[in-house]
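Okay, thanks for coming, everyone. Let me put the structure up, and then I'll walk you through a few parts of it.

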Amino acid sequence: MMKLLGGITLLLATAVAYYIYIPLPRTISEPWKLMVLDATFRGVVMMGDVAHSLGLSHRVHVINSAIVNFESMMPITNQEIQIEDILFDEVHVRVYQPPGKDGKLRRSVMFIHGGGWALGAPTLGSYDCLCRQMAADLDAVVVTVDYRMAPNVRFPVQYDECVRAAKHFLRPEVLAKYSVDPERVAVFGDSAGGNLAAAVAQRIGIDNTTSVKFKLQVLVYPVLQALDFNTASYQQNQNVPILYRWLMARFWLEYLGADFDLVHSFMVNNHTAQDQNLMSLIHSKLDWTTLLPKRMIKNYKPVFPVTGSPGILKDIPALLDARAAPLLAEDEVLRMVPRAYIMTGEHDVLRDDGMMYARRLELVGVSVTNEHYEAGFHGCVSFAFWPCYFSVGIRAVQNCIAWLDEHL
């Protein structure tokens, strides 16, 4: 009997180890910790897919429910920070304010959370910790935008709600209400939130009806385009957690309200094949062979099939819309955006999105700090807090706040 139990235990342990273990780059931060985290997330995604296929619930709702339940268990940090849940032009936001009012004007950060435009709990867990830390360390008013998410709403709703919240907050009377210096306001976003923050910065920059502008923009591993799923970083990191190439394609399709059956077409660039006549657009705005440093290109080559799927761009016109893909913005729009801090991670499929955007901003005269982490992976900033405490995430948060402290 004991031998049988021992054999079963060994088999189970082997199965668990097989499920958890995936080969990772040797320079990635804390690989075994990341494997366990990724195995958990993959399990939740799998549960969501099963529930969706059985007609029990939308896959995104299952995944988000698990995330919210986990985030709600995280301890509240910097409890001295005062919070207010309020509507800005009918958009839900939370305002974080440091204690004490001595009449001085404070600087401010508007934060837009990531999660593939579909996941996340901006007032719970890691995002709440981050906003509280910024409010405390910077002695700043922090506003986090709780925009509605897919699948309940699709593009351009998320973008529109972030723009509305930003325009409302930047009104002089609203800034005065919260004792915010109108010359010292930044917009900050991570991942899909970085996408929205970049798009909002572009919109505010060219909006003649908004007298107050953002002084800075902070984009943490932003997703900025969906025309090339074979950039050097997509090729290099397609199987690196936690954001696999197939998963990023799914997030885009969910955001844009498109058919999930197009995942494979996206991954092989059928939507931007040579017969789609997009080469001039791609070469002028996201030609990573010229926009990236040579050390990032390595030996990777562009992947654009000769023939593709002509119906994709017709059915999903938002793929060419700069509101959804800020990397596609025209130079005259980019010239109007504020100074930028763009964080990228070596082991992230979105690395090249951020680096290409940094280079395009530099080419039109915008000052850019590109903070690159050789050990970085997608989501590491969110995993800087309990219970993960990834060292690269902790350093990234500290450096980002230090940059804001110096320049805001």
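So, in what order do the 8 strands of the open sheet come? The order is 1-2-4-3-5-6-7-8, and the pairing is mixed. Before I go on: this is a predicted model, where local features need pLDDT of at least 70 and side-chain atom pairs count only at pLDDT 80 or more, while totals for chains, interfaces and linings use all residues. Residues are numbered from 1 along each chain as its sequence is written, and side-chain values use heavy atoms, with hydrogens and water left out.

A word on terms. Helices (H or I, at least four residues) and strands (E, at least two) are DSSP runs, numbered from the N terminus. Two strands pair if DSSP finds at least two bridges between them.

Strand 1 (82-88) and strand 8 (368-377) are the edge strands, each pairing on one side only. Strand 8 pairs with strand 7 (residues 339-347) in the parallel sense, over 7 bridges. In that pairing, A340 stands opposite V368 of strand 8.

Now, which strands does helix 16 lie across? They're strand 6 (216-220), strand 7 and strand 8, and the helix runs at about 150° to strand 7. Angles here go from 0 to 180 degrees between N-to-C directions, with axes as lines fitted to C-alpha atoms, for helices over the stretch in contact. Contact itself means heavy atoms within 4.5 Å.

Buried means under 20% relative accessible area, with a 1.4 Å probe and protein chains only. Among those buried residues are R351, D352, D353 and Y357. Just after the helix, G365 takes a positive phi of about 100°.

Next, S108, which sits in strand 3. S108 counts as buried because its relative accessibility is 0%. Leaving aside neighbours within four places in sequence, its contacts include A140, V141, F169 and L408.

Last stop: helix 2 (residues 31-53) and helix 3 (residues 59-71). They pack at an angle of about 145°, with their axes 7 Å apart. Helix 2 brings residues including F41, V44 and V45 to the contact, and helix 3 brings R59, V62, I63 and A66.

That's my tour, so let's go to questions.

Terms used. Buried < 20%, exposed > 50% of the residue type's maximum accessible area, 1.4 Å probe, protein only.
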